Amino acid sequence: MAVRNILTIDGGGVRGLVAAIVLDALQGAFRAAGDTRPVADSFDLIAGASSGAIIAAALAMPRADGSAALGAAEIRRFFEENARRIFPPRPFCNIPVIGRLPQLFGPLYDPAPLDALLAESLGDLVFASARRNVMIPAYSIDPRDIVLFRGGPAYREDAEGERFAMVRVRDAVLGSSAAPTFFPPHRIDAPNGEAGWTAIDGGVYVNDPAMAAVAEAMRLFPEDELRVVSIGTGRQTRVYPFRRARRWGFSQWISPAGRFRTPLLSAIQDGQARAVHRQLTYLLGEDYIRFDYRLERGRGSDRLDDASRGNLNRLTRGATEMVEEMRPQLLALAETLAGA
């Protein structure tokens, strides 16, 4: 019985830098184990939601010119160098309430810079061109449905793969990362004549896509055992005191303008990730490893759009400390996956 390796990456906006740092460290551990291949080549399925979709696509797809996929170090530089292009600073944005008022009446950011960056690396590549099996979740609001965009070698003779084979990967990424109030929904046409999708952030239902990826791997490889490597982007630790929350109504639970910043969405994403972690710990035991850390003690903001140099430095420090704390697991994982 074969063992199928699955890699999943959480969403988190600029906190995708955390996942990229973990992947860069894993690539280094691969080299230390004598394996010089790209880290993606050891995985049978790669899944990422929201900013994790950017990473999953970069790992699974060749570049637009047909050359090799982006390496882990290049993905890390993508977040370091382009976070402020994707989330440009806005006047007064950090002033409580006032700075977030525009977000109450429309999307805060233009998706054009992200689209341009994706076009540089992915061009018009479609899922049929994927070199590794990849899954990118989004949620469609028209028609209402969950959408798991998929492609790669295992999908060549698969009905689901045929459905998405000619969908542009960068469209799926733009849809999966279209966080409500931050970016507008992204319209994705279905090349086979179906209705298409109006997509928003896949993180609204699978910000941690590990369990969805396990279900998909069971469908693709029903006879095989599974090993999951799940990479988070920092666990949110902001608490909502009872004395305040007991009086909250719609504007406090939903609004991005207050000091607690959309607590309902934060709670949904954090709860989903914690549930997935518990379920996979029970189901897979030692065949499940999770890289993540708490966003506290100056190790990064929980805001998905804080692209300030100071916050990127804090996220880098937090991710680097976590990697060092988990160095034994990282090295053991590299030894296991090297040559897989």
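A: A salt bridge is a side-chain nitrogen of Lys or Arg within 4 Å of a carboxyl oxygen of Asp or Glu. Side chains of opposite charge can pair when their charged atoms come close. This is a predicted model, where local features need pLDDT of at least 70, side-chain atom pairs count only at pLDDT 80 or more, and totals for chains, interfaces and linings use all residues. Residues are numbered from 1 along each chain as its sequence is written, and side-chain values use heavy atoms, with hydrogens and water left out.

The count comes to 26 salt bridges. One of them joins arginine 131 and aspartate 41, at 2.6 Å from N to O. Arginine 131 sits in the loop between helix H4 (112-122) and strand S3 (134-142), and aspartate 41 in the loop between helix H1 (16-32) and strand S2 (45-48), so the pair ties together parts 90 residues apart in sequence. Helices (H or I, at least four residues) and strands (E, at least two) are DSSP runs, numbered from the N terminus.

Aspartate 41 is buried, at 16% relative accessibility. Arginine 131 is partly exposed, at 30%. Buried means under 20% relative accessible area, exposed over 50%, and partly exposed in between (1.4 Å probe, protein chains only).

Next, glutamate 321 pairs with arginine 299, their closest N and O atoms 3.3 Å apart. Glutamate 321 belongs to helix H12 (residues 309-325), while arginine 299 lies in the loop between strand S8 (288-291) and H12, 22 residues apart. Arginine 299 is buried, at 6%. Glutamate 321 is partly exposed, at 33%.

Shared partners also build one network of salt bridges from Asp115, Asp124, Arg168, Arg170 and Asp171.
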